[in-house]
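This report describes selected features of one protein model. Please examine the sequence and the structure shown here before reading on.

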Amino acid sequence: VSRSPSLSSSESVTSRYLQVIETMAGEALRTICVAYRDITGEVDWNDEDSTIKHLTCISIVGIEDPVRPEVPDAIKSCQRAGVCVRMVTGDNLITARSIARKCGILPPGEEGDGKNILEGSTFRGLVHDDDGTFNQDKFDVVWVSLRVLARSSPADKYTLVTGIINSKLSKNREVVAVTGDGTNDAPALKAADVGFAMGIAGTEVAKNASDIILTDDNFTSIVK
């Protein structure tokens, strides 16, 4: 997108930006907006809301973190073995859906019912009572069909892991394995039956919370 008026100047301009973002996200691209404003006087950089107002957009950039070629086959191997692979990500819903399709986590034709892909905010509303208390019965309605959790928080990942482990829906208790690389992943890695941390990109906190460290940061190493 070329240099344009202020992001908030009109609905038509905002709509144009959103269209560009959605198009890129649909191609599994993560989008970054490059914008500026002229600053005079003192600025409180800790006041983010004030700092990012009245910006002029220069461009919107799409960045691809390509799916490794071997990942779709590895996920198919898991599925054939009866292992359900779920994706929990901070990406927006459109980007997450596109990546999940490429990986085979979300097969074509199985993403239209609104149950197998949710945003974190929706997920939290579905599995908690009005007072914010986790409700296992409500969770059990959600998790069986859930395949992708987008715009999620570390707390959502922990809730998903512990909720599945504590679920009584299956005759035998579900065994849950989790992958993660960030410090915020540590609670979920620790709570899982098996926690896999990334050896290259993983933080020391994540590694210490895990049971197994993947030295090559490759999902296929789990399958092997």
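How many bridges join strand β7 to β8, and do these strands run parallel or antiparallel? Strand β7, made up of residues 194–198, is joined to β8 by three bridges, and the two strands run parallel.

## Confidence in the model

The structure is a predicted model. The chain has a mean pLDDT of 89, and 92% of its residues reach 70 or more. In residues 1–8, however, the pLDDT is below 50, although this stretch has 24 contacts in the model beyond near neighbours in sequence.

## A sheet of three strands

Strands β7 and β8 belong to an open sheet of three strands, arranged in the order β6-β7-β8 with parallel pairing. Strands β6 (177–180) and β8 (212–214) stand at the edges; each has a single partner strand, so one side of each is left without a neighbour in the sheet. On average, neighbouring strands of this sheet are turned by 25 degrees against each other, with direction ignored.

A bridge between individual residues can also be located. F196 has I212, in β8, as its bridge partner.

## Aromatic pairs

The count of aromatic pairs comes to two. In one of them, the ring centres of F123 and F139 lie 6.2 Å apart and the ring planes stand at 80 degrees; the pair is edge-to-face because this angle is over 60 degrees. F123 lies in helix α5 (residues 120–127) and F139 in helix α6 (residues 136–142), so that the pair links distant parts of the chain, 16 residues apart. Are F123 and F139 buried or exposed? Both residues are buried.

Another pair is formed by F134 and F139, whose ring centres are 5.6 Å apart. Their planes meet at 55 degrees, so this pair is tilted. F134 is partly exposed, with a relative accessibility of 31%, whereas F139 is buried, with a relative accessible area of 0%. Together, F123, F134 and F139 form one aromatic cluster.

L146 is found in the loop between α6 and β5 (148–150). Its relative accessibility is 1%, and L146 therefore counts as buried, the limit being under 20%.

Which residues does L146 contact, leaving aside its neighbours within four places in sequence? The contacts of L146 are R86, K115, N116, I117, L118, F123 and L160. One of these residues, F123, is also a member of the aromatic cluster. The C-alpha atoms of L146 and L126 are separated by 12 Å, and these two residues are 20 residues apart along the chain.

A disulfide is a covalent bond between the sulfur atoms of two cysteines. In this model, the count of disulfides comes to zero. C33 is in no disulfide: the nearest cysteine sulfur, that of C57, is 3.9 Å away. A disulfide would require the two sulfur atoms to lie within 2.5 Å. C33 is partly exposed, at 42% relative accessibility.

At 37% relative accessibility, C84 counts as partly exposed.

Notes
Residues are numbered from 1 along each chain as its sequence is written. This is a predicted model: local features need pLDDT of at least 70, side-chain atom pairs count only at pLDDT 80 or more; totals for chains, interfaces and linings use all residues. Side-chain values use heavy atoms; hydrogens and water are left out. Rings of Phe, Tyr and Trp (its six-membered ring) pair if their centres lie within 6.5 Å; planes under 30 degrees apart count as stacked, over 60 as edge-to-face and the rest as tilted. Helices (H or I, at least four residues) and strands (E, at least two) are DSSP runs, numbered from the N terminus. Buried means under 20% relative accessible area, exposed over 50%, partly exposed in between (1.4 Å probe, protein chains only). Contact means heavy atoms within 4.5 Å. pLDDT is the predictor's confidence in each residue, from 0 to 100. Two strands pair if DSSP finds at least two bridges between them. Axes are lines fitted to C-alpha atoms, for helices over the stretch in contact, and angles run from 0 to 180 degrees between N-to-C directions.
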